[in-house]
Amino acid sequence: MSPSRPLLKPLAACCGALTLGTTLTACGGASTADPNAKEITVYSADGLKSEKGDGFYDTVFKDFEKKTGIKVNYVESGSGAAVQRLVRERANTKADVIVTLPPFIQQADGKGLLDTYRPKGSDQVAAADKDPAGRWTSIVNNYFCFIYNKKELKQAPATWQDLLDTTYKNKLQYSTPGVAGDGTAVLIKALHDFGGQGPAMNFLKKLQANNVGPSSSTGQLAPKTDKGELLVANGDVQMNYANMKSMPNQGIFFPAAEPGAKPTTFALPYAAGLVKNAPHRANAKKFLDHLLSTPVQRQVSSVGGGFTSRKDVKPTDPHATELAKIMNGVDVFHPDWNDIDKNLDTYVDAWRAATGG
């Protein structure tokens with residue numbers, strides 16, 4: 001989408017697997033994939049593809065096939081589910097590339113599911129946004145956020161404490177930590193803002209009185225918030241900004257830890273890695289190079305409503321300008337992803353115990 005076209009494209013919000021192109025090989029036994037076939041299979045978290053076929057992935061896949069003749073088979077799921085699928089298929093690898101959010105990209109690496117490859121242009125990606133060993137690289141930068149219904153609420157909740165108000169009884173929902181990337185982000189922000197596991201879990205236990213219940217996908221919460229079924233939900237800036245054209249009642253906000261404090265968030269990038277034992281390894285490398293190429297990185301904001309991963313790309317399209325305004329005045333902290341990867345199960349178990357989730 002060029003700057004002259006209408007702003008914002010609705011992106012996919014489904015959690016189930018969606019496959020484009022050829023059918024994937026069935027599980028079990030030796031892989032029958034032809035390593036010379038002009039195709040690749042990408043497992044990805046949701047948020048970058050449009051249901052109307054005009055989103056970031058739609059454009060990238062089409063351009064890549066036109067440039068190389070290589071077809072992209074696309075399988076969409078939650079961030080954690082994508083990694084779990086790779087684990088199940090370890091003996092008969094189907095995927096060539098995985099794109100998922102932290103801490104699940106680190107989890108995939110820790111489970112030995114990723115191979116080393118530094119795509120062309122990755123030298124322009126900040127050190128914090130790529131693996132020093134070269135097993136994953138951010139392709140679209142993004143930030144965690146909450147959304148609210150602007151039609152029903154005169155202003156966004158300013159702090160976490162505001163979310164405990166009875167106004168939000170059965171009108172608040174966040175996706176499930178440990179399953180959805182953005183749901184896990186709720187936990188990470190709470191751990192930071194409240195200063196540790198104990199205080200964070202105490203708050204989330206109280207918040208459960210207003211929470212509708214679990215959701216395996218964050219994307220499905222945006223239309224509910226836009227319609228007023230929910231007043232508040234979690235999300236991420238790229239996904240929610242990009243679907244505002246079709247869901248105009250949603251607004252983005254970042255709750256502060258306490259009254260008078262600055263609103264906070266953290267980077268939650270889409271990170272891509274070459275899958276170990278990828279059936280179409282050479283094609284996968286070409287695709288990763290394509291994702292980080294300068295023309296594609298300029299489309300991250302103009303088409304995808306996200307933030308470029310490359311330091312040397314300075315987009316000036318209307319989306320990039322609006323995204324900068326959204327982030328103005330927000331304090332961006334930097335999670336210790338190694339700690340989160342190491343202790344994620346502990347944090348999720350504590351959340352389950354506190355909330356009954």
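Biologist: Which residues does Val87 touch, not counting residues up to four places away in sequence?

Modeller: This is a predicted model, and Val87 lies in helix α2, which spans residues 79-88. With positions up to four places away in sequence left out, the residues that Val87 touches are Lys111 and Leu113.

Biologist: Is Val87 buried, partly exposed or exposed?

Modeller: Buried requires a relative accessible area under 20%, and exposed requires one over 50%. The relative accessibility of Val87 is 34%, so Val87 counts as partly exposed.

Biologist: How far apart in space are Val87 and Ala156, C-alpha to C-alpha?

Modeller: Along the sequence, Val87 and Ala156 are 69 residues apart. In space, the distance from C-alpha to C-alpha is 40 Å.

Biologist: How many helices and strands are there in the chain?

Modeller: Helix α2, the site of Val87, covers residues 79-88. For the chain, the count is eleven helices and 13 strands.

Biologist: What percentage of the contacts with a separation of 6 or more is between residues 24 or more positions apart?

Modeller: Contact here means heavy atoms within 4.5 Å. Among the contacts in the chain with a separation of 6 or more, the share from residues 24 or more positions apart is 78%.

Biologist: How far apart do the centres of the positive and negative side chains lie?

Modeller: The chain has 41 positive side chains and 35 negative ones. The distance between the centres of the two sets is 3 Å.

Biologist: What geometry does the aromatic pair of Tyr143 and Phe307 have?

Modeller: The structure holds 18 aromatic pairs. In the pair of Tyr143 and Phe307, the centres are 5.1 Å apart and the planes stand at 90 degrees. Planes over 60 degrees apart meet the cut-off for this class, and the pair is edge-to-face.

Biologist: How many residues apart are Tyr143 and Phe307, and where does each of them sit?

Modeller: Tyr143 sits in the loop between β5 (137-141) and β6 (144-149), and Phe307 in strand β12 (residues 307-308). Both Tyr143 and Phe307 are buried. The pair links distant parts of the chain, with a separation of 164 residues.

Biologist: Is the pair of Phe146 and Phe253 stacked, tilted or edge-to-face?

Modeller: The ring centres of Phe146 and Phe253 are 5.7 Å apart. Planes under 30 degrees apart would count as stacked and those over 60 as edge-to-face. The planes of Phe146 and Phe253 are at 35 degrees, so the pair is tilted.

Biologist: Why does the pair of Phe146 and Phe253 tie together parts that are apart in sequence, and by how many residues?

Modeller: Phe146 is buried, with a relative accessible area of 4%, and Phe253 counts as buried at 5%. Phe146 and Phe253 are also members of one aromatic cluster, which includes Trp160 and Trp337. Because Phe146 lies in strand β6 and Phe253 in strand β9 (residues 250-253), the pair joins parts whose separation in sequence is 107 residues.

Biologist: With which residues is Phe307 in contact, leaving aside its neighbours within four places in sequence?

Modeller: Phe307 has a relative accessibility of 16% and therefore counts as buried. Leaving aside neighbours within four places in sequence, its contacts are Val140, Asn141, Asn142, Tyr143, Val237, Val300, Leu323 and Met327.

Biologist: What phi does Asn277 have, and where does Asn277 lie?

Modeller: Asn277 lies in the loop between β11 (270-275) and α8 (281-291). Asn277 is exposed, with a relative accessible area of 57%. Although Asn277 is not a glycine, its phi is positive, at about 65 degrees.

Conventions. Residues numbered from 1 in each chain as written. Predicted model: local features only at pLDDT ≥ 70, side-chain atom pairs only at ≥ 80, totals over all residues. Heavy atoms only, no water. Helix = DSSP H or I, 4+ residues; strand = E, 2+ residues; numbered from the N terminus. Lys, Arg positive; Asp, Glu negative; His and termini not counted. Charge placed at Lys NZ, Arg CZ, Asp CG, Glu CD. Phe/Tyr/Trp six-rings, centres within 6.5 Å; stacked < 30°, edge-to-face > 60°. Buried < 20%, exposed > 50% of the residue type's maximum accessible area, 1.4 Å probe, protein only.
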